[in-house]
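Please consult the sequence and the three-dimensional view shown here.

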Amino acid sequence: MKITLHKPKKRVNRSMFGNISILIVLLLVAAFMLLPFIYSVVQAFKPMEEIFAYPPRFFVQNPTLENFSELWRISDSLWIPFSRYFFNTLFVTVVGIIASMALSTLAAFPLAKYDFPGNAAFSKLITMTLLFTGPVTALPQYIIVTKLGMFDTFWAVLLPTIGGPLNIFLIKNFLTQVPDSMLEAATLDGASKMKILTRICLPLVKPAMLTTLIFTFQAMWNSTGGNYIVSEDMKLLPTMMSQLSTGGIARTGVGAASSVLMILPSLIIFCLTQSKIVETMAYSGIKE
Amino acid sequence: MIVSSGTTWQKMKKNADCYLMVLPFALLFITFVVLPVIGAAFISLTDYNMLETPSFVGLDNYLRVFLEDNDFITAVRNTLVFAVVTGPLSYIACLIFAWLINELGRHARAVLTTIFYLPTMSASMYVIWTFIFSGDQYGFINSMLMSMRLVDEPVQWLTDANTVLPVIMLVQLWMSLGTSFLSFIAGLQNVDRTLYEAAAVDGVRNRWQELFYITLPSMGPQLLFGAVMQISASFSVSSICITLAGFPSTDNAALTIVTHIMDYGNMRMELGYASALSVVLFAFVLLVNNIVQKVIHKYAAT
């Protein structure tokens with residue numbers, strides 16, 4: 001049992017014909033995925049008369065930053081500065097990511113690797129809550145949040161996400177792949193469970209950790225605070241953006257500009273974490 | 001799983017630190033996720049409109065779901081058609097594309113992963129499809145078809161009961177490379193590379209054989225995760241339907257179980273009935289999930 005760090009050699013069982021046909025299939029699918037996205041980005045750079053031009057054109061004729069400057073002008077005229085909304089969202093995003101990843105990993109490890117009474121039932125509960133859909137839990141959750149005195153605080157946005165089942169379920173599934181023998185050897189050497197988790201397991205499930213980072217970033221960055229945040233100076237960025245762009249048909253371009261701006265940070269975080277996931281390819285997986 | 005021996009009490013004492021590690025998450029999870037579900041289950045046994053105190057009605061709401069609600073039948077039919085088509089297709093697409101991308105070089109892989117994931121990156125990205133499939137001649141598809149003289153007048157994509165469900169399926173498929181896709185991408189990194197070299201010696205001759213004999217069986221936990229996410233996503237389709245087809249849609253052609261629940265829960269304020277519908281959906285999804293999990297357990301080590 002060892003973790004080897006050699007670079008993979010040229011892969012076996014690969015044909016040139018196969019590689020090329022795979023690339024063609026992937027490029028076709030990529031075009032299908034990308035075209036609507038490009039269309040929505042292009043809308044943001046169209047002047048008003050082009051957005052409603054007939055026949056509609058895919059590409060912009062006279063690209064303009066009008067929509068962006070209009071967005072800037074409206075957000076500048078608010079009585080709460082734009083930066084306030086931005087920092088509110090930044091705050092819940094950073095705290096949410098750190099707390100969710102820490103608590104989910106801490107709990108996922110014993111659930112994945114140790115046999116203690118209650119484990120099976122609790123694990124089952126996690127899966128079941130992932131499968132319960134429907135907006136009907138919103139009311140009981142609202143009552144609980146209000147009873148705990150968290151209404152109109154960031155706690156109401158943060159705690160339900162941190163206690164959510166998605167991250168723990170993903171990390172737990174990956175942790176089950178860490179060989180028992182590795183943990184038993186470390187236990188014999190006198191390592192505590194915390195040490196085993198942080199020193200041995202976390203490096204091995206790095207791809208899963210980075211994936212939960214993406215999920216949590218998206219959840220928090222796009223969070224509107226639901227019905228919980230009512231004070232104007234506590235509102236989150238997506239709420240403010242949607243308030244700006246729902247000014248009727250005249251704000252269509254502004255809406256497109258705001259969604260382009262809102263997706264940029266997600267795109268950057270995604271690229272950064274994906275390149276880290278790809279980096280782990282240099283290692284040769286988990287083995288006994 | 002490291003198995004402990006002894007009585008329940010001895011096991012609990014031996015693993016006391018496990019309980020401490022689970023506790024902080026468990027507190028939040030039970031308070032904000034489990035209790036609301038239990039609360040909804042209780043509400044399903046009552047008549048509750050948010051203004052008056054709920055009155056206990058036993059199983060009346062459930063009887064009404066199965067005996068009186070004709071729209072529920074429509075919703076179930078649409079949801080089933082939708083889930084049976086998009087569920088397996090999305091799952092296979094996630095798997096195949098994650099695997100194919102993994103065959104590429106480092107930079108191509110990062111770029112393609114990003115492109116494939118783009119549609120799910122923002123919660124409202126799919127709204128662009130309302131412009132693409134808009135029913136007037138300003139709709140992108142309509143204007144293309146008309147300029148090519150394939151149709152004389154705009155097709156009512158989103159209000160024609162025959163076309164709206166396929167359009168929603170297309171958009172759902174467009175958005176399907178999300179959570180499960182990323183878990184597969186991450187899971188592929190954990191497969192022991194030396195297994196492939198050993199397999200080549202043992203007579204595995206092409207990448208398809210590698211996929212079925214080595215890659216998939218070593219990805220059990222990811223396959224399970226992806227299945228749960230995909231089942232839950234394909235049975236809970238709702239906001240796409242409302243955005244694209246409006247609510248109510250023509251002849252209820254885009255009515256799904258979850259939009260039906262929203263109708264009663266958020267508009268008619270019949271929370272008892274909406275909760276009963278959610279519990280029925282939950283029971284069904286749980287059943288589907290158990291079957292799928294059994295199949296995956298048989299195939300892969302988990």
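The following sections treat the basis of the model, one chain, the contact between chains, and two individual residues.

## Basis of the model

This is a predicted model, in which local features need pLDDT of at least 70 and side-chain atom pairs count only at pLDDT 80 or more, while totals for chains, interfaces and linings use all residues. Residues are numbered from 1 along each chain as its sequence is written, and chains are lettered from A and ligands numbered from 1 in the order in which they are written.

## Chain B

Chain B contains 15 helices and 2 strands; helices (H or I, at least four residues) and strands (E, at least two) are DSSP runs, numbered from the N terminus. Along the principal axes, its C-alpha atoms fill a box of roughly 60 × 60 × 30 Å. Of the 302 residues in chain B, 43% are buried. A residue is buried if 20 or more other C-beta atoms lie within 10 Å of its own, exposed if 12 or fewer, and partly exposed in between, with C-beta atoms placed from the backbone.

Two residues are in contact if their C-beta atoms, placed from the backbone, lie within 7 Å. Among the contacts in chain B with a separation of 6 or more, 69% join residues 24 or more positions apart. Chain B is divided into domain 1 (1-43) and domain 2 (61-299), with bounds that come from an automatic or database domain assignment. The centres of these two domains, taken over C-alpha atoms, are separated by 32 Å.

## Contact between the chains

The contact involves 87 residues of chain A and 97 residues of chain B. On the side of chain B that touches chain A, helix 2 (residues 16-43) gives the most, with 18 residues. That side of chain B has 60 nonpolar, 26 polar and 11 charged residues. Here Ala, Val, Leu, Ile, Met, Phe, Trp, Tyr, Cys and Pro count as nonpolar, Asp, Glu, Lys and Arg as charged, and the others, Gly among them, as polar.

## Helix pairs across the contact

The axes of helix 5 (residues 119-131) of chain A and helix 2 of chain B come within 11 Å and cross at roughly 45 degrees. Axes are lines fitted to C-alpha atoms, for helices over the stretch in contact, and angles run from 0 to 180 degrees between N-to-C directions. The two helices are therefore oblique to each other; angles under 35 degrees count as roughly parallel, over 145 as roughly antiparallel, 65 to 115 as roughly perpendicular and the rest as oblique. A:Phe122, A:Leu125 and A:Thr129 of helix 5 of chain A make the contact with B:Val22, B:Val33, B:Val34 and B:Val37 of helix 2 of chain B. By class, this contact has 6 nonpolar, 1 polar and no charged residues.

Helix 11 (residues 206-221) of chain A packs with helix 9 (residues 179-188) of chain B at an angle of about 160 degrees, their axes being 9 Å apart. This makes the pair roughly antiparallel. A:Pro207, A:Ala208, A:Thr211 and A:Ile214 meet B:Leu182, B:Ser183 and B:Ala186, a set that divides into 5 nonpolar, 2 polar and no charged residues.

## Two buried residues

B:Met219 lies in the loop between helix 11 (207-215) and helix 12 (220-235) of chain B, and counts as buried with 26 C-beta neighbours inside 10 Å. Leaving aside neighbours within four places in sequence, B:Met219 is in contact with B:Gly187, B:Val191 and B:Ala300.

A:Ala108, in helix 4 (residues 82-113) of chain A, is buried, with 30 other C-beta atoms within 10 Å. Beyond neighbours within four places in sequence, A:Ala108 is in contact with A:Ile168, A:Ile171, A:Lys172 and A:Leu175.
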